[in-house]
Amino acid sequence: MSKVLVIGAGGVGSVAVHKMAMAPEVFSHITLASRRRSSCDAVAASVKGRTGVTIDTAQIDADDIAATTTLIAAVKPRLVVNLALPYQDLAIMEACLAAGVNYLDTANYEPRDEARFSYGWQWAYQDRFAEAGLMALLGCGFDPGVTSVFTGHVRKHLLDRIDTLDILDCNGGDNGLPFATNFNPEINIREVTAPSRHWEAGAWVEGPALARRQRFDFEAVGPRDMYLMYHEELESLARFYPEIKRIRFWMTFGESYLRHLEVLGNVGLTRIDPVMFEGREIVPLQFLKALLPDPSTLGAATRGKTNIGVIATGEKDGRGRTVYVLNICDHEAAYAETGSQAVSYTTGVPAMIGAALMLTGQWTGAGVFNIEQLDPDPFMAMLNRHGLPWQARELAAPLAF
Ligand code: NDP
């Protein structure tokens with residue numbers, strides 16, 4: 001019996017649970033818990049309607065370690081899949097240790113009062129998970145997640161040595177709204193307004209946020225402007241692939257999105273420090289989140305595709321080579337299958353796959369692992385079978401920028 005407890009019933013949690021319900025041979029019993037029970041019940045009704053599978057639901061404040069430990073002890077899962085917010089990572093890891101259960105997430109820990117996400121806090125749990133004989137798998141979404149597995153696939157099958165790696169994330173979707181983020185607005189805006197950072201010659205190179213732009217022609221989307229950014233997987237890829245001399249992450253943004261973001265920043269609405277308003281403290285970015293559309297409601301209106309992949313240069317059999325591994329995902333197809341758009345889909349499916357590989361014993365270990373430390377082959381095979389087919393091809397030349 002492979003019981004799983006999923007925490008977080010947002011867009012990503014909903015997709016993961018739908019996809020788990022479609023694989024009953026692995027996930028024999030699913031419980032979905034979130035801050036609001038109503039979020040879980042809505043997902044449960046959709047899962048029942050689409051797959052016929054009944055899942056259990058529960059209310060939990062995952063910031064509360066004792067309550068989460070009690071919930072885990074009551075559900076008795078073999079794995080806790082954390083699809084709440086990055087703020088909850090450490091509390092849920094603590095609860096997993098207390099209850100003696102394996103752990104998986106898709107986003108690294110970030111303190112609420114500082115926009116500084118890093119694996120450092122979670123890597124510090126290495127000895128405690130190892131001593132308990134438990135496995136914690138970090139960053140099992142798309143990016144981080146699939147992009148790291150693509151890199152592992154490149155290193156295992158396509159290149160003997162990787163010299164440079166560029167991760168290209170394009171959301172070519174259009175939801176018809178002037179400004180909306182496609183995942184949690186607070187997390188999204190904290191990420192894109194942070195200074196850019198990339199890895200080069202053994203050191204981090206920092207620059208202002210969204211200052212370096214490059215045009216790239218994305219298959220199935222078309223030419224788009226993409227911007228150099230810091231992103232979570234850069235930290236773990238630089239650590240686990242010390243041979244790579246330069247690692248960069250690029251993400252596309254439309255003009256309207258950037259114009260809105262600039263104005264919101266200029267008027268102070270993206271600030272994450274509390275300000276006094278009518279006698280009480282509010283955090284402007286949290287207030288802004290309350291005004292913006294809930295990403296989970298955008299699915300029905302979103303058209304177009306995402307195209308996310310990695311371009312690596314290096315050497316194969318003594319010869320210089322550039323390869324591109326990518327996935328294209330269609331917003332409408334994702335919505336038709338799970339009721340969520342492609343950004344949630346491309347994160348929820350990998351979370352389900354990572355969970356399946358842990359539960360079936362294909363990925364095992366004691367300690368804290370990033371996804372690129374594990375064998376990419378079974379994961380790559382499952383991507384093709386579960387809705388995120390990938391392609392790999394050789395490019396005639398390295399990127400010219
Ligand atoms: P949402 O905001 O849509 O959903 C978050 C969910 O977590 C909500 O259901 C919310 O509760 C629940 N939650 C928040 N706080 C708590 C708490 N204290 N206790 C219990 N539940 C809580 O976010 P997404 O679904 O878009 O994203 C989920 C995660 O996936 C985030 O960590 C995000 O950073 C990550 N992500 C990773 C990506 C990747 O490629 N690696 C890409 C996109 C997202 P409630 O039930 O009240 O609504």
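**Reading a domain interface**

Mentor: The C-alpha centres of domain 1 and domain 2 are 24 Å apart. Domain 1 covers 3-138 and domain 2 covers 146-342 + 389-395, with bounds taken from an automatic or database domain assignment. This is a predicted model, where local features need pLDDT of at least 70, side-chain atom pairs count only at pLDDT 80 or more, and totals for chains, interfaces and linings use all residues. Residues are numbered from 1 along each chain as its sequence is written, and side-chain values use heavy atoms, leaving out hydrogens and water.

Trainee: What is the area buried between domain 1 and domain 2?

Mentor: The size of an interface is often given as the accessible area lost when the parts come together. Here the area buried is about 1800 Å² (accessible area, 1.4 Å probe, that two parts lose on being put together, summed over both), and carbon and sulfur atoms give 53% of it. Arg50, Phe117 and Trp123 supply 33% of the area that domain 1 buries against domain 2, more than any other three residues.

Trainee: How many residues of each domain are in contact?

Mentor: Contact means heavy atoms within 4.5 Å. By that rule, 24 residues of domain 1 touch 20 residues of domain 2.

Trainee: How many salt bridges are there between domain 1 and domain 2?

Mentor: A salt bridge is a side-chain nitrogen of Lys or Arg within 4 Å of a carboxyl oxygen of Asp or Glu. The count between the two domains is two. Glu110 forms a salt bridge with Arg190, with the closest N and O atoms 2.6 Å apart.
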